[in-house]
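Me: I'd like to go through this one with you, one question at a time. Ready when you are!

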Amino acid sequence: MLADLSPDAYRAATHYLASLDPDWARHIQATGPCLHRATPEREPYEALVRAIAYQQLHARAAEAILGRLLALFPGQTFPAPAQLLALSPEALRGCGFSASKLATLQGIAQASLQGIVPSRDEAQELSDDALIARLVTLRGVGRWTVEMLLIYCLERSDILPVDDFGVREGYRRLKGLDKAPTPAQMRSLGGAWSPYRTVAAWYLWRA
């Protein structure tokens, strides 16, 4: 299931999207080349924990919370699932995690130990839909969270997070609409952008 996100693929995606209509062409010309950067060195467990930290928070606030978590494990890139489970609720709350996110993080760590959250190698063998169906069973993990994993951790090239406010608002601005499309409308619209929906999402975030 390896995705092609090579420089040639970015160029092909940009050319394809710019050919759709004048609005896309104008926006892409103004924005410039796609500079999407994935983090393929991360395991899905780490990607999920990071995505939960970012849920409903400004990026700076999420980064501060993650910074406090990582400070509890000096000399390590990221705590292992067993280490995260060993932290007391007070320690996690001290990092800035809410009670709801705390429970979600513990569930992700436990699911990682049980093999429900796959390793990166195993995840690469699963389709987008199969991975989404498997991980949304976890408490606090919704479709958007798994889509962020697919885009940034697994480098999948055809993901459109239709529930993302930035994607829908970006399309509203791109087209000069009074109201952003609903997720269902966005999903229908995005069908025309396949197989480059990840790149389309990147450009919509920058609108």
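Me: Which residues of H3 are buried?
Reply: This is a predicted model, where local features need pLDDT of at least 70, side-chain atom pairs count only at pLDDT 80 or more, and totals for chains, interfaces and linings use all residues. Residues are numbered from 1 along each chain as its sequence is written, and side-chain values use heavy atoms, leaving out hydrogens and water. Helix H3 covers residues 44-54 (helices are DSSP runs of H or I, at least four residues, numbered from the N terminus). Its buried residues (under 20% relative accessible area with a 1.4 Å probe, protein chains only) are Pro 44, Tyr 45, Glu 46, Ala 47, Leu 48, Val 49, Arg 50, Ala 51, Ile 52 and Ala 53.

Me: Which helices do the buried residues of H3 pack against?
Reply: Packing here goes by contact, meaning heavy atoms within 4.5 Å. The partners are H4, H5, H7, H8, H9 and H10.

Me: Which element gives the most to the lining of the largest pocket?
Reply: A pocket is an open set of points on a 1 Å grid over the protein atoms alone, where a 1.4 Å probe fits, with protein on both sides within 12 Å along at least five of seven lines; lining residues have an atom within 4 Å of a point. This lining has 20 residues, with Arg 50 and Ala 51 among those nearest the pocket's centre. H3, H4 and H10 each give two or more residues. The top contributor, with six residues, is H10.

Me: Which element gives the largest share of the lining of the second largest pocket?
Reply: Asp 128, Asp 129 and Ile 132 are among the residues lining this pocket. Two elements give two or more residues, H9 and H10. The largest share, three residues, comes from H9.

Notes. Buried < 20%, exposed > 50% of the residue type's maximum accessible area, 1.4 Å probe, protein only.
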